[in-house]
Amino acid sequence: MKIIEIKEIYEATNGGLDVFCHFYKEIDKANPKKPLKLRPDDKRPSAGLFQKKGVWFIKDHGGTDQKAYTAIEFVRKKQDLSFADSVIWIAEIFAPHLLAK
């Protein structure tokens, strides 16, 4: 299998924004920094997206886990995958050309 560079994943997913939009349909690509609800117990939107050096991060300011996650880290946690399997999962959905031999 071809080695997939992290940079290639971010290039294929708009810096990871497309991955977050895959999980949260309410994200407005025109205004991705608008707060959103990640947890069912959210009374008001307390999570947000922010961009740093071309890479998007998601952070839940109201939950117990207040770490900011890149799309790869988010998929790793959400899907319970290893880092490498998270990269492959993203590539299969958003950039199958990266998996070509």
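A residue is called buried when its relative accessible area is under 20%, exposed when that area is over 50%, and partly exposed in between, as found with a 1.4 Å probe and protein chains only. The model is predicted, so local features need pLDDT of at least 70 and side-chain atom pairs count only at pLDDT 80 or more, while totals for chains, interfaces and linings use all residues. Residues are numbered from 1 along each chain as its sequence is written, and side-chain values use heavy atoms, with hydrogens and water left out.

We begin with the charged side chains. A salt bridge is a side-chain nitrogen of Lys or Arg within 4 Å of a carboxyl oxygen of Asp or Glu, and the structure has 4 salt bridges by this rule. One of them joins Glu73 to Lys67, with the closest N and O atoms 3.7 Å apart. Glu73 is partly exposed at 27% relative accessibility, and Lys67 is partly exposed as well, at 41%. Another network of salt bridges with shared partners joins Arg39, Asp41 and Asp60.

Asp41 is exposed, at 55%, whereas Arg39 is partly exposed, at 23%. Arg39 also forms a salt bridge with Asp60, where the closest N and O atoms are 2.6 Å apart. Asp60 lies in strand S2 (residues 55-60) and Arg39 in the loop between helix H2 (17-23) and strand S1 (47-52), so this pair ties together parts 21 residues apart in sequence. Helices (H or I, at least four residues) and strands (E, at least two) are DSSP runs, numbered from the N terminus. Asp60 is buried, with a relative accessible area of 8%.

We turn now to the interior. A nonpolar core is a set of buried Ala, Val, Leu, Ile, Met, Phe, Trp, Tyr and Cys residues joined through side-chain atoms within 4.5 Å. The largest such core has 27 residues, and those with the most contacts inside it are Ile9, Phe20, Ile27, Leu49, Ile58 and Ile90. At least two residues of this core come from each of helix H1 (6-12), H2, S1, S2, helix H3 (71-79) and helix H4 (83-94).

Helix H3 shows how a helix can face inward on one side. Its residues Ala71, Ile72, Phe74 and Val75 are buried. They lie on the same side of H3, because they cover an arc of only 160° around the axis, taken from the directions from the helix axis to the C-beta atoms.
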